[in-house]
Amino acid sequence: MRKLVLLITILLLPIVSAAANIDNGNTLLSICNEFIRAVDNPSSTNIDREKVYRCGSYLTGFIAASNLYQDLLRDKGLICFPDQGVSSAKLGRIVVKYLNERPESLHINKDELMGEAAMHAFPCK
């Protein structure tokens, strides 16, 4: 199962992750913590905008690519977002929670961790 997740996420994210320059769970957690801080406090001036942009771009690209694959694969998808969709902020909170609960996994590739967090939160039935 882990190999399948890795394969699918590798197919989903090469352009997005290259643009965001995220390599593992440590970086993903750091930038997405900042993204959530910005979502919760949009008027704050003490926010690292680069981290916010990197995480937001990565989440948005992941959602778009996942939706595309969900449409193409229909009943065979691994990630099934609700019909009303999922926001970058919601997925960001899910990813941060998932990573905080698994500190021993932070060295793993960010694509695999993102796929696991999304599959855990939005499994296909």
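1. Basis of the values. Because the model is predicted, local features need pLDDT of at least 70 and side-chain atom pairs count only at pLDDT 80 or more, whereas totals for chains, interfaces and linings use all residues. Residues are numbered from 1 along each chain as its sequence is written, and side-chain values use heavy atoms, with hydrogens and water left out.

2. Overall make-up. The protein chain contains 6 helices and 0 strands, where helices (H or I, at least four residues) and strands (E, at least two) are DSSP runs numbered from the N terminus; read along the sequence, the pattern is α-α-α-α-α-α. Of the 125 residues of the chain, 46% count as buried, with buried meaning under 20% relative accessible area, exposed over 50% and partly exposed in between (1.4 Å probe, protein chains only). Among contacts (heavy atoms within 4.5 Å) between residues at least 6 apart in sequence, 72% join residues at least 24 apart.

3. Geometry of H4 and H6. Two packed helices are described by the angle between their axes and the distance between the axes. For helix H4 (residues 49–73) and helix H6 (residues 110–121), the axes come within 12 Å and cross at roughly 60°; the axes are lines fitted to C-alpha atoms, for helices over the stretch in contact, and angles run from 0 to 180 degrees between N-to-C directions. That angle makes H4 oblique to H6, given that angles under 35 degrees count as roughly parallel, over 145 as roughly antiparallel, 65 to 115 as roughly perpendicular and the rest as oblique. H4 passes H6 in a right-handed crossing, a term that applies if the near helix is turned clockwise from the far one by less than a right angle, with anticlockwise giving a left-handed crossing.

4. Residues between H4 and H6. On the H4 side, Tyr-58, Leu-59 and Phe-62 meet Lys-110, Asp-111, Met-114, Gly-115 and Ala-118 of H6. The residues of this contact divide into 5 nonpolar, 1 polar and 2 charged, under a scheme in which Ala, Val, Leu, Ile, Met, Phe, Trp, Tyr, Cys and Pro count as nonpolar, Asp, Glu, Lys and Arg as charged, and the others, Gly among them, as polar.

5. Lys-110. This residue, which has its place in helix H6, is buried, with a relative accessible area of 9%. Lys-110 and Asn-26 are 84 residues apart in sequence, yet their C-alpha atoms are 8.4 Å apart in space.

6. The whole structure holds 2 disulfides, each being a pair of cysteine sulfur atoms within 2.5 Å, and their pattern along the chain is 1-2, 3-4, with bonded cysteines counted in order. One of them joins Cys-32 to Cys-55, with an S to S distance of 2.1 Å, and is right-handed, with 100° about the S-S bond. Cys-32 lies in helix H3 (residues 25–40) and Cys-55 in helix H4, so the pair ties together parts that are 23 residues apart in sequence. Cys-32 is buried at a relative accessible area of 0%, and Cys-55 is buried at 0%.

7. The disulfide of Cys-80 and Cys-124. Here the sulfur atoms are 1.8 Å apart, and the disulfide is right-handed because the torsion about its S-S bond is about 95°. The pair links distant parts of the chain, 44 residues apart, with Cys-80 in the loop between H4 and helix H5 (88–100) and Cys-124 in the segment after H6. Cys-80 counts as partly exposed at 23% relative accessibility, and Cys-124 counts as partly exposed at 24%.
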